[in-house]
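Biologist: Can you take me through this model? I would like to go residue by residue, then look at the ligands.

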Amino acid sequence: MNTNQELILTGDRTTGQLHLGHYVGSLRSRVELQETYKTYILLADVQALTTHYDQPELIANSVHQVTLDYLAVGIDPNKTTLFIQSMIPEIAELTVIFSMFVTVNTLRHNPTIKTEARDRGYTDLYYGFLGYPVSQAADIAFCKATLVPAGEDQIPHVETARKLVRRFNELYAPVFPEPRILTGERLGGLDGIGKMSKSMGNAISLNATPDDVKAKLTKAKTDPARIHRSDPGHPDICPVYAYHQLFRSIYADDIHASCSQGKIGCTDCKQLAGGAINELLEPFRERRNYYEQRENEVKEMLIEGTRQARNTAKETMLEVREAMGIRYFDV
Ligand code: TRP
Ligand code: SF4
């Protein structure tokens, strides 16, 4: 990785609470990065509208919930600028400008757009949905971010962002750095099918109670070859084993051996995995609880973060206008 000064921007769509997949995919590295680098995290409520425009209450409520998720995992408002996307009109402005440099076909071929459209059963794509990678490029560019910690499904979007800023820089003046993505681990769902995702119902949310965690793991799929406790298992294809590994359970190596030799039952194994997950989640529960009782403090922090982001965005848009020769006058 480039060891020069980085500027971090990332965020999440506010369409529901975050889960363990978000944690290992990106939240974990954000918490680390904020120690060293200037970090912006956006609550992507406009992007949430691209799929949930008919549920604005859900989006607004999720802004609150996702903020708590961030604070719970250890995003520190004194180190990270947390802000709300829709409150920064300059991002919308920059989206319009970037939209001049990308063709509809390029967007149609974006693999993440394709997968999401298929999963959601979209045939004719809404303009806002098809264009959200352009808006995401504006999210990344407005603060001149260099590094985007995000899940691997975001790779095509960051690639689009790179192309758009490169085009802008070539056409007008070098205003933007080219951002890179930093991907984390990919977490499979409890059903052993695909990645962990709220819409697939195979997720453990970050605010799961110990009982929730237990109940979810009880239902989790395991290696189908194991019918009896003495049947040798294949931990490498078992979703529960993946959790052992990812949550740094001290038991992971032992589990691998015992499962392969048919010396541990899945029920016991799940209980150990649940223990490791609960150990991870416990401090999150405490911090969430702390902030849940300080609604005003959380609101003030969002206002302050949004104000800072807005100031940065205004400065960048002046540079954009200068570069393009369309800063006719200041109003
Ligand atoms: N697309 C991201 C998601 O699906 C959310 C997002 C919006 C984002 N703008 C961003 C991520 C900018 C990284 C950088 O959750
Ligand atoms: Fe999976 Fe554990 Fe059962 Fe092995 S023992 S199949 S790793 S749940």
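Biologist: Where is the place of Gln-34?

Modeller: Gln-34 is in the loop between helix H1 (20-33) and S2. Helices (H or I, at least four residues) and strands (E, at least two) are DSSP runs, numbered from the N terminus. Before going on: this is a predicted model, where local features need pLDDT of at least 70, side-chain atom pairs count only at pLDDT 80 or more, and totals for chains, interfaces and linings use all residues. Residues are numbered from 1 along each chain as its sequence is written, chains are lettered from A and ligands numbered from 1 in the order in which they are written, and side-chain values use heavy atoms, with hydrogens and water left out.

Biologist: Is Gln-34 buried or exposed?

Modeller: Gln-34 is buried, because its relative accessible area is 4%. Buried means under 20% relative accessible area, exposed over 50%, and partly exposed in between (1.4 Å probe, protein chains only).

Biologist: And what does the side chain of Gln-34 reach?

Modeller: The backbone oxygen of Gly-74, at 2.8 Å from the side chain of Gln-34.

Biologist: Next, Thr-81. Which strand is Thr-81 found in?

Modeller: Thr-81 belongs to strand S3 (residues 80-84). Thr-81 counts as buried because its relative accessibility is 4%.

Biologist: Which side chain does Thr-81 make a polar contact with?

Modeller: The side chain of Lys-38, at 2.7 Å from that of Thr-81. A polar contact of 3.0 Å also joins the side chains of Thr-81 and Gln-308. A polar contact is a pair of N or O atoms within 3.5 Å; within protein, one must be able to donate a hydrogen and the other to accept it, and residues adjacent in sequence count only if both atoms are side-chain atoms.

Biologist: Ligands now. How many residues surround ligand 1?

Modeller: 13 residues surround ligand 1, and the closest are Arg-13, Gln-47, Gln-136, Asp-139 and Gln-154. A residue is counted if one of its heavy atoms lies within 4 Å of the molecule.

Biologist: Which atoms of ligand 1 does the side chain of Asp-139 face, and at what distance?

Modeller: A polar side-chain atom of Asp-139 is 2.7 Å from a nitrogen atom of ligand 1. For Gln-136, a polar side-chain atom lies 2.9 Å from a nitrogen atom of the ligand. An N or O atom in the side chain of Gln-154 is 2.8 Å from a nitrogen atom of ligand 1.

Biologist: Which elements give two or more residues to that shell?

Modeller: Strand S1 (7-13), strand S2 (38-44) and helix H8 (132-141). S1 provides the largest share, 5 residues.

Biologist: Which residues are around ligand 2?

Modeller: Among them are Thr-222, Asp-223, Arg-226, Cys-238, Cys-259, Cys-266 and Cys-269. Helix H11 (239-246) and helix H13 (266-292) are the elements that give two or more residues to the shell around ligand 2.

Biologist: Last one, Lys-144. Where is Lys-144 found?

Modeller: Lys-144 lies in the loop between H8 and strand S4 (147-149). Phi of Lys-144 is near 60°, a positive value in a residue other than glycine. Lys-144 counts as partly exposed because its relative accessibility is 24%.

Biologist: And Ser-199: buried or exposed?

Modeller: Ser-199 is exposed, because its relative accessible area is 71%. Ser-199 is in the loop between strand S5 (180-182) and helix H10 (210-219).
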